[in-house]
Amino acid sequence: MADTRIILAYRRGDGIVATAHGERYKAAHQALAASGFRRGDDWVHHLPSTGQDISRITVADLIRHARTRGVEVTTSSRRFLGDTAQDIAGLLPGRWDTRVELYSHPVWQGDLVPWLWDGGELAHAVQHEPIPYAATLTDAVSGATLLLVEHPGRRLGYLVGALAPESFEGGHGDQRAPHSIVLPPFADRAALVITERYLPAYERAVHARRLAAVTEALDRIRAEHDIWTTTTSGRYSEATSPDTTALGKAAETFLNRVRAEFLGVMQHAPALLDRCRPPATGRPEDARILARLADTLIDAESVDEDTSLTRLERNARLWPAIDTWLTHSEPFLRQARAAAPRRRHPRLAAAPPLRALPQGRHAPRR
């Protein structure tokens with residue numbers, strides 16, 4: 001069997017379309033061009049005419065040109081993946097944009113690995129199975145991006161997982177990643193499974209990773225603060241809000257070490273704060289603390305963006321924000337944990353109603 005193949009499928013509005021996959025994908029492209037296929041802006045090849053006779057002749061011609069180049073021509077058992085992605089996206093809550101990505105050379109799919117945020121079958125498939133193409137579905141509001149592929153080794157069905165949010169800087173190997181799921185070959189059922197099973201799991205995983213990122217950053221900042229406090233013991237009466245001249249070299253060293261960690265807090269904490277509902281936890285007094293923490297993030301962001309500040313001025317203004325977060329980390333973490341999306345028992349996708357089939361000629365008569 002040839003290691004490079006041309007995959008034919010049916011795309012809505014275009015009729016027969018073709019994609020190539022294999023190390024000799026350029027030879028496959030040559031065969032497509034020689035037989036009359038034209039490459040679109042999305043690199044999917046299509047026939048310039050959808051007439052039945054022309055299509056049949058062109059496909060026969062394609063097989064001949066492909067064979068001379070050592071390329072196999074196969075017909076997909078599924079419709080074009082882009083159509084499936086669009087149909088599913090139209091049934092998901094919110095507005096989702098779709099795009100088809102081709103991995104003509106087998107190594108190209110490896111570019112997905114660092115960004116694939118999955119603890120299930122999809123991650124294994126991308127690393128070990130040929131994936132000629134995939135479709136991304138991106139939520140226009142949250143930016144969440146799902147990855148949809150045909151289920152390898154199956155004639156029908158799909159796998160859906162997620163790419164890591166941009167703020168996570170990759171997702172490969174993350175133990176908190178959601179698990180990809182198998183989707184049925186029907187858009188309405190697939191959308192229902194994604195809505196009721198996958199998206200809630202994805203939201204829980206995002207919340208858990210954000211919470212872990214903030215928790216770990218605060219722990220590292222606190223450890224550095226303890227070192228700073230020990231180093232400066234007896235030199236300052238307290239470690240909060242000294243004036244610019246009192247910061248000294250030790251304080252500057254401390255702030256330089258923790259600035260990157262606090263940027264992580266600034267990046268992930270706002271989304272966690274938005275979910276917190278102190279009255280629902282029986283601790284309404286935490287609302288005032290959370291509001292103060294949110295204000296410090298706003299001020300810290302303005303400091304980070306103000307290029308007119310000197311280093312000492314920047315440090316003096318950043319210090320109170322860090323101190324406030326260290327002081328009130330406990331109520332924040334308590335409320336953030338309580339705000340985690342809860343598990344829901346999924347409602348199974350209902351099968352379409354069955355209609356009685358007409359009795360065949362060979363069925364026994366009653």
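In helix 5, Leu218, Ile221, Arg222, His225 and Trp228 meet Trp319, Ile322, Trp325 and Leu326 of helix 8. Sorted by class, the residues of this contact are 7 nonpolar, 1 polar and 1 charged. Helix 5 covers residues 187–231 and helix 8 covers residues 311–327; the two pack at an angle of about 110°, and their axes are 11 Å apart. Helix 5 and helix 8 are therefore roughly perpendicular to each other. Please keep in mind as you read on that this is a predicted model.

## The chain as a whole

The chain has 366 residues, and 46% of them count as buried. Its secondary structure comes to 9 helices and 11 strands. What share of the contacts between residues at least 6 apart in sequence joins residues at least 24 apart? That share is 70%.

## A second pair of helices

| Helix pair | Residues | Angle | Axis separation |
|---|---|---|---|
| Helix 5 and helix 8 | 187–231 and 311–327 | about 110° | 11 Å |
| Helix 7 and helix 9 | 286–305 and 329–338 | about 105° | 10 Å |

With that angle, helix 7 and helix 9 are therefore roughly perpendicular to each other. Helix 7 brings Asp286, Ile289, Leu290 and Leu293 to the contact, where they meet Pro331, Phe332, Arg334 and Gln335 of helix 9. The contact of helix 7 with helix 9 is made of 5 nonpolar, 1 polar and 2 charged residues.

In what order do the 5 strands of the open sheet stand? They follow the order 3-4-2-1-5, with mixed pairing. Strand 3 and strand 5 (72–75) are at the edges, and each has a single partner strand, so one side of each is left without a neighbour in the sheet.

One of the residue pairs here is Ala9 with Val17, its bridge partner in strand 2. The hairpin of strand 1 and strand 2 has 3 residues between the strands, and Gly13 takes a positive phi near 90° in this hairpin. Strand 1 also pairs with strand 5, this time in the parallel sense and over 4 bridges. There, Ile6 has Val73 of strand 5 as its bridge partner.

Strand 2 is joined to strand 4 (residues 45–46) as well, by 2 bridges in an antiparallel arrangement. Val17 turns up again here, with His46 as its bridge partner in strand 4. Is strand 2 (residues 15–21) enclosed or open? Of its 7 residues, 6 are buried, so strand 2 is largely enclosed by the rest of the structure. Helix 1 lies across strand 1, strand 2, strand 3 and strand 4, and it runs at about 155° to strand 2.

Asp83 sits in helix 3 (residues 81–89). Its relative accessible area is 5%, so Asp83 is buried; the cut-off for that class is under 20%. Which residues does Asp83 contact, leaving aside its neighbours within four places in sequence? They are Tyr10, Arg11 and Arg12. With Arg12 there is a polar contact: a polar atom of the Asp83 side chain lies 2.6 Å from the backbone nitrogen of Arg12. Asp83 and Ala187 are 104 residues apart in sequence, while their C-alpha atoms are 9.7 Å apart in space.

Ser35 is placed in the loop between helix 1 (25–34) and strand 3 (38–39). Ser35 has 7% relative accessibility and counts as buried. Its side chain reaches the backbone oxygen of Leu32 at 3.1 Å. Beyond the neighbours within four places in sequence, Ser35 is in contact with Thr58, Asp61, Leu62 and His65.

Trp43 lies in the loop between strand 3 and strand 4. Although Trp43 is not a glycine, it has a positive phi of about 70°. Is Trp43 buried or partly exposed? At 45% relative accessibility, Trp43 counts as partly exposed.

Terms used
Residues numbered from 1 in each chain as written. Predicted model: local features only at pLDDT ≥ 70, side-chain atom pairs only at ≥ 80, totals over all residues. Heavy atoms only, no water. Axes fitted to C-alpha atoms, helices over the stretch in contact; angles between N-to-C directions. Parallel < 35°, antiparallel > 145°, perpendicular 65-115°, else oblique. Contact = heavy atoms within 4.5 Å. Nonpolar A, V, L, I, M, F, W, Y, C, P; charged D, E, K, R; others polar. Buried < 20%, exposed > 50% of the residue type's maximum accessible area, 1.4 Å probe, protein only. Polar contact = N/O pair within 3.5 Å; in protein donor to acceptor, adjacent residues only side chain to side chain. Pairing = 2+ DSSP bridges.
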